[in-house]
Structure formats: C-alpha cells, structure tokens
Amino acid sequence: MPTKPELRQANTLAWDKGKDASQYKNLDSNIKKNTTFIKKCKTSLAADSTQQLLNDIKKLSLEKYISEVVGAVLEGMLKCKSTTDIAACVEVISALHQRFPETFTLLLTYNLAKALQLPTRQHLASLTQEQRDKEESTRISRQRTYLRISVELWLADVLRNVEDGIPSLASTSLEGVESQRDGVAGFVGSSSSTSLKSRKKDNEREEKNGKKPTESNFVYHALKGLLSNDLEHNVHLPIAASFLKNYGQEILGIVPRKQRAAAASQQSENDTHQEDATAVTSGTTVVAEADSVVTPEYRALLKELFVDYYHSVEKHLVKEHKTIKKLDHRNREILYTRGELPDEIKQDYEKSSKSYEKLLNNTQTLADALDLEMPELPEEEGVTRVSIVSAGAAHAFSETKVKKKEYDESLANGIWEDEDARKFYEDLPDLHVLVPGVFLEPNPSKKLDGSGNETQNEKEESEEKVSSSTTATTTTTEEKSVPSSPPATSSPTTLLSQEPLDLQVENGENEESENINGGKGDDEEDVDASELVDQALNADKDEEGNANSMPSQLAQLDGLIARLPTLGNRDLIDSAAVEFCYVNSKNARKRLVKALLNVPRQRVDLLPYYSRLIAILSQYFSDISEMVLAALDHEFKGLQKKKTQDLSESRVKNIRFLSELTKFRVTPAHTIFHVFKIALDDFTHQNIDIVCNLLETCGRFLLKSTETSVRMNNMLEVVMRKKNVQHMDNRQMLMIENAYYQANPPDRTAIIEKKRSPMELYVRKLIYGDLNKKSLDRILKQLRKLHWEEEDIFKMVLKIFQKVWKIKYSNIHLLAILASGLHRHHSDFGVQLIDSVVEEIRIGLEQNIFKHNQRRIAVVKYLGELYNYRLIDSPLIFDTLYTIVTLGHEFGRPARERFCPMDAPNDFFRIRLCCTLLDTCGMCFDRGSSKRKLDHFLTFFQMYIFTKAKPPMDVDFMVSDTLEMLRPQMQIFTSYEESNEAVDRMLLEQLKSVQGADGKVQEDGFEESEEESTSDEADDDDPLEDTADKDEEEEDISEEIMQEGEVGDDEDVVVLKTKQEQQVSKEEDEEFEREFSRMMNESMESRKFEKKSAVLDVPIPMNLRGAQDRRTATAQEKDHNQDKMSFTLLTKKGNRQQTRTMEVPSDSMLAVSTRTKQEAEREEQQQLKKLVLNYEEREEAAARQGNDKKQSSS
C-alpha cells in the first residue's frame, strides 16, 4: 500500500497531465467483467478486496460505465467504517482518478457534494415527525461516513473544489452551450482538458480580483453547508465532533488538550528531549507539511467556522441543561405526590437525558479539539415554583422545593408514622391542573333540546345562578363561622381560653347522649346510610328531573362505581377522581356518595382510599363531603340506639370511616370529639370497640396535631382512668392498652450509631462487601499494606476476621484463605484468631442460645476451613469434635441415663455442629493416624446420637449423608447398647496401647496426645503429603515474591509493557511461527545421524540397588564429609556387575554438573507433583460443593 505522500503526488500528477491514453491500451471491454467490477465496488471497498479491485482497474476498460462506477463507489463508501477500510477505499478511488481524472473524478465530486447537502424544506414538510427523525438519524450517519472519506480524498488531492463537479457526462463549450458526452465517441479527453484549463483560468482570475478561492474548497464548502445552517438546533454536532476527533490536529493544526497534557507528562517523566517537550507544551498548533493541501488560509477559515459553531453549541448546551433540570424537578415533584412516575413521563425523561448526554459528550469533544473552555452549566436556581400539588381545605402546599430540614421538622412532630403516610394523607392532586376548569363547576350548565323555549331556558339559568349564589353565600358564612381545619378550635391558646366553656358544651352533649342512649329522642327512626342517601336523592328528584344524562356518561359512571372496590392504591384512586370529573353532575355525585357509603362491612381496607377520593373531590364539590358526613353521623346515632352485638362490624366500619376522613381534615374536630365523648360516656361492650378503633385510626393524628393535642390528652387520661376503675376482661384491657400506646407511643431513646474510623470502614467494606473469588488477591494485598505495627489496626482486623457470621456462608472459605495468607507474615494474628474461634465455639456450647445457632454453624465451618488451609492441625479438630459431644456431661462421656442441662435429650444442635465440621474437613482424614482417630470418633459420635431422643428427619438425613461421605463401608450401629459396647472396646484398646507404650495412663482414655498423633501422622502418611507441603510452601513463597514485586513496581511500567506486546502484529506472529518450525525441522534433520554420546548417569540395576543403598547409608553415617560427593561406579567383570563407591571433591566440574542436573530434575518433579495435587484438590473441592448442595436441598 503506498504512503499518503506518494498517493497525493500521483493524484496531483493525474490532475496536471490528465488521462494518459498510451498507458492503458488493449484493455478488456467484456460486459460481464465490467459489470462484475461495478458489483464489487457496490458490495465493498474494504481492505480485503482492495488488491483485486486495483487489478481490475488496470485490466478493464470501464470507459462506458463511468456513471455506474461512480454510483457503485458511493454505495461502497458507506460500508467502510474502520480506518483500514477507509484507507483502502481512498486507494481504490485514487486509482480510478488516475485513470479517469476528467470524467470519474468530476462526476464523483458532484455526487459527493450533493450527498453532503441538507435536504430541501419541501421534502421535510412532506414527512411526519417520526419519519423526519428517522430520516435525520440515517442521513447524519451517512454524511459522517461520506465526510470522512471526502476529507481523506481531499488530503490525497483527489477532490479539490466543488465547482469541479459535473452532474453528468456533459462538457461546457466555449460558447457556453452544453453538449452531451457519452465517452464513446472519443470526445472525452479534449473537452475535459479544455474544461479543466478553463477552471484553472477562472481560479487565477478570481485570485486577481481578490476573491478567495479557498471558499470553493470541497471540504470547507461541505462543512459550511452543514454547520452554518445548523446554529440553532445543532443537529450536525456528531459530524463536527467526528471531523475534529479524526482530523482536528492534521487540518486545523490544534493539538487537543488531553494529548498535549499526556505528552507533557511523559516528557517530564523522561526528562529527555527537553527542546521537543517545550515545543509541544508551549504551542497549541502543528506545522503543516510542505506539500500538504492544507494551507494557512484553509486552516483559518475552517477554524473560524468551527469556533462559530461551537459558540452556538455552548448556548444550546446551557439551554438543554436548564430544560433537563426543569424536567428533573417536575419528575421529583410528581414522584413526591404520586409515589411513582407514569410510563410516558418516564420515557420522555429518559429520551431527553440520553440526548443531553450525547450533546454534553460531543461538546466536550469540540472544546478539547478546539482548545476552548467548556461553558459553565448553571446549577438549579433557588426560585420558588408553584407545585401541581395544591392544598386541601386546611393545609397549603405551594412550594415544591422543600428542604431536608423542613422534611425533618415536619416528621419530627410525629403526626404520621412515616413519610409514605404523610404523602398519602397530605399530598392531594390539584384537579384544576389535571382537568379543564369547565368540568369542575359544582352545577354544570345543562344541554337542552332545541324544542325548548328560550324564556324557559333563561328562567332555569337564572334560577341556577340564584341557587348557586345562595349556596355560595351559605358556604362562605359557614366557613367564616366554623374553620375548615379543624373547625372546633384554631390554636392552643383558644383551647385554653375555652376550657371553662367546655362544661356547658359537655352538658349539652350529655343531654344529647341521654336522648340517644335513653331512647328519649325516639322521634328519629332507625335509618341506614343508604336510606338517608335515597331520601336525599328523592328530595332533589324534581330539580333534575328534566336533565337527561348522556347514555355514554351513565355507562362511564356505572363502570367507575363498579370498579371502586378494586381501587387498592393511591394512583388508582387519583385517576378515578379525575375520571369522575368528566361525568360530573349532581345526580352523579349522589350516586357516588351512595356507592362509597355502601362499602362492605368486611372491606375496612378500602376506607382510607375512599376517604382520599372524598377529600380530593371535596376541594371543588363540597356537597360530597357534606352528604357523607351527614350520613355517617346519622348512622352512628342509629347504631348507638341498638345495643345488640351483631352490628359490631357496622360500628367498626362507621367509626373507621369517620376517623379516616378526620386524617384528611374532612371531618371537623368537634364532630369526631363528639363521637368520642358519646362512646366514652357509656364505656362498655361495643363502645369499647368504638373507642379502640378510633384511637388506632386517628388517635395519633389528633394527639400530635397542635390544635387538638390538649383536648386529646384529656380524653386519653379519661380512657385510662376508666380502664383502671371499671371491671373488664383481659381481652378488653389488652385492646385498650394497645390502642392507647398506638395513639401515644412511649418515648424511646434514639439508637446511637456506632462511629467507626475510615480505615475500619474500608476494611469492613473489603471483607463484608467486596470479598469474592476474583477480588481475593487484591484484598489480600490491600490488607498486607495496612500498618500492622499499630495495635489499633491489629485489633481491628482481628475483630473483623473473628465475626465470620457477618459474611456470606459461601465466602467463609475465602476468609480462611485470607487468614492463611496473613498468618504467614503475622503469626500472632493467626494464633489469636484461632484462639478466639475455639473460644467462640465453647461459649456457644455453654450458653446454648437459640438465636445464635446460625452464628455457631458459621464459626464451626470457619474452623474446618482454617484446617483446610493449614492454619491448624488435626488434633485441634478432634479436640473440638470431642468437646462438642462431651462438654457438660458427667465423667466426660454422654449417657442416656444421665441428664445434662447444657445438652438436653431433645436438643440436636450439637449433632448439626459435628456434621458441619466433618463435612468441611472430614475428607482430609483418610490416611495414617488421623484416619484411625476419625474412625474412633465416628464410633463415639454414633453412641452420642443414641443418647438423644429420636432425631427429626432433617438431622437423620444430615448424619447419614456425613457418614456416607466419610466412611461408606463403616458399620452403622442400630441401638444404644451396641454403640456403647463398641465405645468400651475402643477405649480399652487405647488404654492398653498407651500403657504398653509409656507405662502410664493418660488423662483421656479415648484421646491421644498431640505429639504422638503428629508423630504417627508423620510416620504413616503418604510421602506425597510432605512433598505437597513443600510444593505449597514454595508456591506461597513464589507468590509472595511476585506480590511484593507487583506492589513495588511502578504501574506505568506495566502499562508500557502491555502496549509493546499489543504492537506485535499478526503477520509477525505468523512469520515467527514459520521460521521457528523451519529451524526445528532443520535441527532434527541435522541431528538424525549423530552418534549418541556416552551417558554417565546410568540407573543402578535393581539387584545391586539394595546393597548399595545400605553401603551408602552406613558410609554416610560414618563419615559426614561435606567437601566430597559420593558416586557409584558400575563395573563389569565377566558376566557379573559390580559397584564401587567413589568420592569426588564437591567443587569439581563433575560434582557441580551432577548437582545442577539433580536440582533441575527435582524441580521438574516438584512441578509435576504440584499439578497432580492441584487436580486432586479441585476434585475434592467439587465433591465438597456437591455434598453442600445435597445438604442444602435436604
């Protein structure tokens, strides 16, 4: 592939000389081959097909297909995305330009300029908004690719000026008349050359006249057409960002800030080439090449164009930033009022945020490429805005931006249980924002038929106006006389001033209660709430008798009423309120009230939502709340006359409905206190239920509200005094106490948050949060970097490692790995950790607290994992196992006939502990003395299980799984006597063996000493274990060295190495492999006929090895001379082989070479063993995980 200067020189030569007909003769004009070439160009101009296309250009005629070739090349350009593909495409187009500079290049110039133009307004007007957005995105993507290839072609001197382009193969004669050219008749060369010459003369004439020929430059003309017409919406910002990212330094001569900073830092680190460093850091421009097409005039024009466009982008970014802040503010407000965002608003916000992020990223790219400052984005303005959440009758909520301090103050008084309850009862949507105002009129204008008289209509309208005015005046007077929230009192001072008047009010209330309870006021009949609403509807039937509702509205209202019992959340109720406004009428409101009052007695859960619906609609339709309150008050009085117990559900529904409306400030305070006093005067039977439900529902609200707190406190004192004086059953007393403390919860001290140091928080995050298999090495390095010499750090890490129950159960083995890694460098840490784990197990056995069971399981699992990673030895495991099954039992042996308070017969948790510990590390005891000790313990463990009652099924399965995993062929005892006899035999055998060996009996008859067990294990275990230990130690040492090297090394060096490795190309790798294989083949061929040299190190025959080993052993015992090295000399006398021991000085060449060879073989053997052992450990880990899954599933 030619370089860029070579390609540019060839293209410039083609412009100057034109088409060279003598160079291309006897070309193939086959139609099939020419059309195949066109298809190849259309399919791809990528790097993989470059060579074939170049060969076709040299061999094929192509003169008759210039226009088709141009169209195919334009389509092939769009498929070139990578840098290599674009370079290949430029090479192919340059080859076509060098063959047809008068036809192909001019036609390509025109078509590329046309492709980089903006669409016409008539075309955009014919599209819908969705089609316009889709077409715009595809056009920008297409133009971005075209522009990048056009810049490359301009730099390669294929494209020059826009005026060079021609729409078709036609030339302009000297008289200015266009004549059609088809390229077949042979007129192409002469006419084109004359046109090119005329263009050159025009350019020279423009230069003389003072015009700027640079403005007709192809790249500048294309960019100006895209950017200068896009200063408002900045649709072409991705195109500008792509251009500056790829060609900003080469064309504009501006070094980006990031690249300049990186170069400066690299130069300062190396402290070399000081002159170059100052040249890079001091200036922000790059000097162009001598033969480059980029002139200072081009740079100045392009830089001015991009700077102007960047200023418009700045304004657009600030504007979009403010818009996104407003949207964010509005969404938070809606989320605050409704609890969640609607899907449409959420989708719009996501779309806006994505577009804003793209705009911000592209703006940063432009600022970096142009070496300009980013605009300052203003923060959220502290302006008070009107919220869509309006006030109810008594609580105004007009500010959207409520500070956190105000939140805390509003919740600190304790009116509501939590923030959600406060939002539910206080944040009511404003229907005026959600519904047009015409639907919120209490008495909407009626639509009458055309047959009605105008005078009659006018009379009815006037009557409606009069009635509305009278109702308005009455409501205003009522509002003046009785406040809406709460109407009884307005402040605590008025409450205190009105205390003497309470006697008169109480006397009046007593008279009314006597009328209700004593039956003196029997003028009123027992009427249900539904009957009351029916009477109201019948009374006003004549007023709306002539108003015929639309059938569609009636159907919509019926559907709404039918859906009321299913509206079980806040959003559904709010949407139902909005829906009702569109079918609003006086008759509709009466039907809605009747449906709300006829809620089933068992559906008390619907009352809060129904109350919210009433509170929302009462803001504009006050008659709804008036009818509901009147019906509920009448129902309460009717229920008080009846003393039967079968109406308890109706009483509960009634009082809870009133209480819920109280929390929405719909029920006046004097009404709820009047109901409270009537029930409290006759504090027996059903009235106790009424008082308790009232206190549970709205007692806290009334007590914590400043307007009603004094009176509610007095009422609560009366309730508690009556509870203490009257004789009540336990159920009623418990109900009253629960209701009292729910309304007036006792003061509790705030939970003091434990303060931890930043270092402790960091270590806790590493251990409790980040610990996993991938981060294990990183966390170990971080922990090793701590200041272990400080006592506080040491204690803090030890405390965190002790609390193993705070991490995931599946990560306990990872914590054990960390402990093992730290123990190698800090032995005191490992010793104290093991002591604390063993002590925690013993404390759990002594206390036996049920809530700590999971914690005890985790600790036992931890101990087993510590053994697996070689922090402890097997004697400690067996000591712990025997401690679990014997602690607290007399004589250190559990028995069925002896009761142990620390380990009851029906407590099976110790069995779980033993099974967990054996499942964790029991498979390691499969050889030597540890195998024998585990067999003894399993016998003892079976006897311990039989001392318990019959275990539950899960414990039985756990024991059977453990025994099957450890000893599948072991004898399972069936009774306590059989297992007890086996334990006796085992103890007797141990006693005899101990007496025979030492002549004295140990303290524990069933347990060996630690020294003896370790020595037995050392004698009996497979020598592979020793080698495995050495291998693991060597591996740990190597890992430690590597870790220290990684810690000490500079991170920049590692980055440079990886970059060097990444620079190796695939071709070099393949060439290296070919050379290496050839060298190996030559080496093998050359050594095929060589004679094998004599081998000095020959294995000793088997029949002589035993005697020789004994002789060498005795010789080594007699003489321990380290200055000499013993060799065995093998001789043959007749048919008999003999061996002799020969000592050679250790510093001789023979001894040194032999020792080196032995060490190399030993190292290779160690590596093979390590691989085998690692495979066995993986198999064991897989088996353990399978067993854990079985246990968890069982």
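Residues are numbered from 1 along each chain as its sequence is written, and side-chain values rest on heavy atoms, with hydrogens and water left out. Because the model is predicted, local features need pLDDT of at least 70 and side-chain atom pairs count only at pLDDT 80 or more, whereas totals for chains, interfaces and linings use all residues.

The secondary structure of the chain comes to 49 helices and six strands, taken as DSSP runs numbered from the N terminus (helices H or I, at least four residues; strands E, at least two). Of the 1194 residues in the chain, 38% are buried, where buried denotes under 20% relative accessible area, exposed over 50% and partly exposed in between, with a 1.4 Å probe and protein chains only. Among the contacts (heavy atoms within 4.5 Å) with a separation of 6 or more, 76% are accounted for by residues 24 or more positions apart.

Leaving aside neighbours within four places in sequence, Leu 108 is in contact with Val 70, Val 73, Leu 74, Met 77, Ile 93 and Leu 153.

Helix α2 (residues 31-43) packs against helix α4 (residues 66-77) at an angle of about 25°, with the axes 6 Å apart; axes are lines fitted to C-alpha atoms, for helices over the stretch in contact, and angles run from 0 to 180 degrees between N-to-C directions. The two helices α2 and α4 are therefore roughly parallel, the classes being roughly parallel under 35 degrees, roughly antiparallel over 145, roughly perpendicular from 65 to 115 and oblique for the rest. Phe 37, Ile 38, Cys 41 and Lys 42 of α2 meet Glu 68, Val 69, Ala 72, Val 73, Glu 75 and Gly 76 of α4.

For helix α26 (residues 607-618) and helix α27 (residues 622-641), the angle is about 140° and the axes are 7 Å apart, which makes α26 oblique to α27. This contact involves Ile 614, Leu 617 and Ser 618 of α26 together with Ser 622, Ile 624, Ser 625 and Val 628 of α27.

Pro 2 lies in the segment before α1 (4-17) and, at 32% relative accessibility, counts as partly exposed.
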